[in-house]
Amino acid sequence: MMAGSVALPLMLGGYVGGACLALVAPSSRAARYITALGAIVGSVAALAVAARVLVTAQPLVLTVPNVLAAAGGLVLSVDPLGAFFLAVVALGSLPAAIYGVSYTAAYEGRSSLQFFGLMFNVFLLGMSVVACAGNIFTFVLAWELMSLASYFLVMTEADVVETREAGLWYIAMTQFSLVTLLPMFLLLAPGAERTAFADLRVGAAHLTPQLRGIVFLLAVVGFGSKAGVVPLHVWLPRAHPAAPSHVSALMSGVMIKLGIYGVIRVAFDLMNGGPPWWGGLLLVVGSVSALLGVLYALMEHDLKRLLAYHSVENIGIIIIGLGAGAILHSYGLQTLATIGFAAALYHTLNHACFKGLLFLAAGNVVHRTHTRNMEEMGGLIKQMPQTALLFLIGSAAIAALPPLNGFASEWMVFQALLAGTSIPRPEVALGFPVAVGMLALASGLAAACFVKAFGISFLAMPRSAHAADAREAPASMRVAAWMLAGACILLGVGASVVVPALYRVLESVGGLVVDPQLAPAPGLWIEAPRALGHLSPVLIAALLASIVLVTVVTVHRVHRRPLRLSDTWGCGRIAQTPRMEYTASAFAEPLRRVFAELYRPTQDLTVSVHPDSPHFVQSITFTSEVRPWFEEVLYDPIVRAGRLIGVGVRRLQTGSVHLYLVYVVAALMAALASVWWWP
Amino acid sequence: MQLFSKIWRVGLVTEPVGPTDVEAVEIGRALDQRIKTLFGRALAIREVDAGSCNGCELEITGLTNPIYDMERFGMHFVASPRHADMLLVTGPVTRNMEIPLRKTYDATPDPKFVVSVGDCAKSCGVFADSYAVVGPVASVIPVDVHIAGCPPEPLDILRGILHALDRSDRQPQATR
């Protein structure tokens, strides 16, 4: 009891202290260390809070009623679901904080690190409190702290035009999210005085089915735009590359997961789940996000944008799990539904680890090569062996290769989808195989994409002077990434321990009924009920390890032969230059042709020849772009309309004080009239 | 339809295979025996054109035609020196091919044989002293056996390969 009651204030204190002290730090160097110290204290305390709540399954409550008492005051109430997401936040924050110490050194003299430290800690505070919030006021306050602080973090390199554009997209999307979330909460709240989540649960029970549907739609749109589901994903590929790498790791690994948290909290905890179309909507949104995310990722040659699109894909996978769970739940198949929800939670945790790891490893590369363009990297495995290994572990995890964590959770998502055959309505059950197909295609393409990302960036010969001169990243950056790599391996191998723990978390979600049979003592196997399948990551890991061991022993001990080392056979080629290498564009070209309908690629080939003879080519310029028709179709009209309205409204603002006085009087009259008319 | 009518109209245009070349079969059998004792499996040959006029290549190609058909005696040409037991090098070594030839030799796993084919490979023939020529094959990589002729006939080449294998006092690969 003591540990918990101390840890929660310690967490808040760590973040707030880190934020305030960083702001008054005497030098940039001091600011870097103070920022990290505050964040480390905060996240370790957050881990302690989460661990305590998860172990005891007792909610931990902290109230500060005096802050804005009219709105209900600050209420922190950590239940197991919140604790799970708090753990995800802390698991991402701790390595990011350590990583930031060295990474932000590059910004010294370029942007204010004191301000950065303030915003970094406020961002972490906001994310942690979102997971702990116990009433609407606390939730919305933390949500806005998180959103605004992350906006300022994205704008760290505000001297770059692209960053400013990315910031604009991000702030617009994040405020759009708030605009939909506020009415959602207002609809849920039974009265102005009763805004605690417990009251909302009561309020939700009295809503008509139509209103519940509207609340659900608002939640999907509002939380979905934060989570980055298609078509609300447009800010991710802009904001993630623009932000410093450890901030990208946090935004992509952790912040977007809070959108998932919101959907689970509102739809399944506060409203106890709903009709089948809720799950159907989630399944469709998830499948489309998963497939489109990975398809756009394949076309990206900017390492961090590629990772950002993969976040869209993985959010899609998580939502597929949620959707499958929700449909099964609405047909009363509680045991199978639990698998879907557990798969979603598991993939949430796993994605936080491997996406964080990939962004940190990509950050190492960007830090040393000063470019995000994969076509200018290459050969980094020789200069940065550890970073290469880290990136490889992350790639294998995100490509769902056993025995890493991505494999275990995608396996569970598949199990939840295969369980769809138990649904009594064939027209609903038919949607599941389609989702299986889309998810399978997405996972296959994800593997192809990471073959590209790793192969082009780290293998072969350096394609630019920057890549040739790259050195291994500083120790603190490597240590931070190794922490996440270790988590990836542990979460994968220890899946049979993690999954029962996730069932325990789901027990706390109001609308779900968890079959006690589902949570057996942790053993070697993860079982899916009704003998759909079972999996033992431990045994797979042991098998893989033994294969490697046998090979090594055979080669080096048993089959002893004198070795003669020579060059790789290159067909007798005399000189090889980086220009002969396979490029990322070339690797993705076949898929670009297959999916040309989606990409609508534009090509521009300019050949300039010698003025005297067309046979002497002087230069060839090839540019090709994938048309973002999503934005053209969906967002451009909105932007144009907004601009039109803006131009119209500008006419009101003439600069004449007299006219403004007329406006004031008119507004006053209108207000009085309205009071008189509708008493 | 046009195709079938054409086949019907034209009929067979290949000449009938002549009487079997008894000598080729004899040499082939001997090769087969020797290859089996030396390697216990087929002999894989990688042909390297180090700058030849392609006369020797024509004759080497003849080894795979229906008359000689060397594959029946357990010899075949492979596409990479990594798979080869024997290099068959033709032509004077040109400047452009000097390093690739060395690399090919280096890439061929031990134990290996090198057979140079044609007069040019021995003495550079009419290309001797050309600015583009480095020298005979033996000046670039060690050669086991040389097959004379401009170009040597397929039978000569078979004899040369047999000679290279016979001359070798190497036992099957385990000793090396």
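**A walk through chains A and B**

Ala460(A) sits in the loop of chain A that runs between helix H18 (431–458) and helix H19 (465–468). In this predicted model, Ala460(A) has a positive phi of about 65° although it is not a glycine.

With a relative accessibility of 59%, His370(A) counts as exposed.

In chain A, Pro402(A) and Pro403(A) are joined by a cis peptide bond with omega of about 5°, and Pro403(A) belongs to the loop between helix H15 (385–398) and helix H16 (405–418). In chain B, the bond from Asp110(B) to Pro111(B) is cis, with omega near -10°, and Pro111(B) lies in the loop that links helix H4 (95–107) to strand S5 (113–117).

Arg32(A) lies in helix H2, which covers residues 28–56, and is buried, with a relative accessible area of 10%. When neighbours within four places in sequence are left aside, the contacts of Arg32(A) are Val101(A), Ser102(A), Thr104(A), Ala105(A), Glu108(A) and Leu113(A). Pro611(A), by contrast, is exposed, with a relative accessible area of 72%, and is placed in the loop between strand S5 (602–609) and strand S6 (617–625) of chain A. From Pro611(A) to His466(A) the separation is 145 residues in sequence and 35 Å in space, C-alpha to C-alpha.

The secondary structure of chain A comprises 26 helices and six strands, and the chain is divided into domain 1 (279–325 + 334–553), domain 2 (589–625) and domain 3 (634–677). The centres of domain 2 and domain 3 of chain A, taken over C-alpha atoms, are separated by 50 Å.

Of the residues in chain A, 53% count as buried, and among contacts with a separation of 6 or more, 79% involve residues 24 or more positions apart. Chain A exposes about 29,000 Å², with 69% of that area supplied by carbon and sulfur atoms. The chain carries 39 positive and 32 negative side chains, and the centres of these two sets lie 4 Å apart.

Chain B, with 176 residues, has 41% of them buried. Its secondary structure comes to six helices and seven strands, which follow the pattern α-α-β-α-β-β-β-α-β-α-β-β-α along the sequence. The C-alpha trace of chain B spans about 55 × 45 × 30 Å along its principal axes, and 82% of the contacts in chain B with a separation of 6 or more are made by residues 24 or more positions apart. The accessible surface of chain B comes to about 9,700 Å², 57% of which belongs to carbon and sulfur atoms, while the mean positions of its 18 positive and 22 negative charges are 6 Å apart.

Notes. Residues numbered from 1 in each chain as written. Chains lettered and ligands numbered in written order. Predicted model: local features only at pLDDT ≥ 70, side-chain atom pairs only at ≥ 80, totals over all residues. Heavy atoms only, no water. Domains from an automatic or database assignment. Helix = DSSP H or I, 4+ residues; strand = E, 2+ residues; numbered from the N terminus. Buried < 20%, exposed > 50% of the residue type's maximum accessible area, 1.4 Å probe, protein only. Contact = heavy atoms within 4.5 Å. Areas by Shrake-Rupley, 256 points an atom, 1.4 Å probe, with all protein chains shown as cover. Lys, Arg positive; Asp, Glu negative; His and termini not counted. Charge placed at Lys NZ, Arg CZ, Asp CG, Glu CD.
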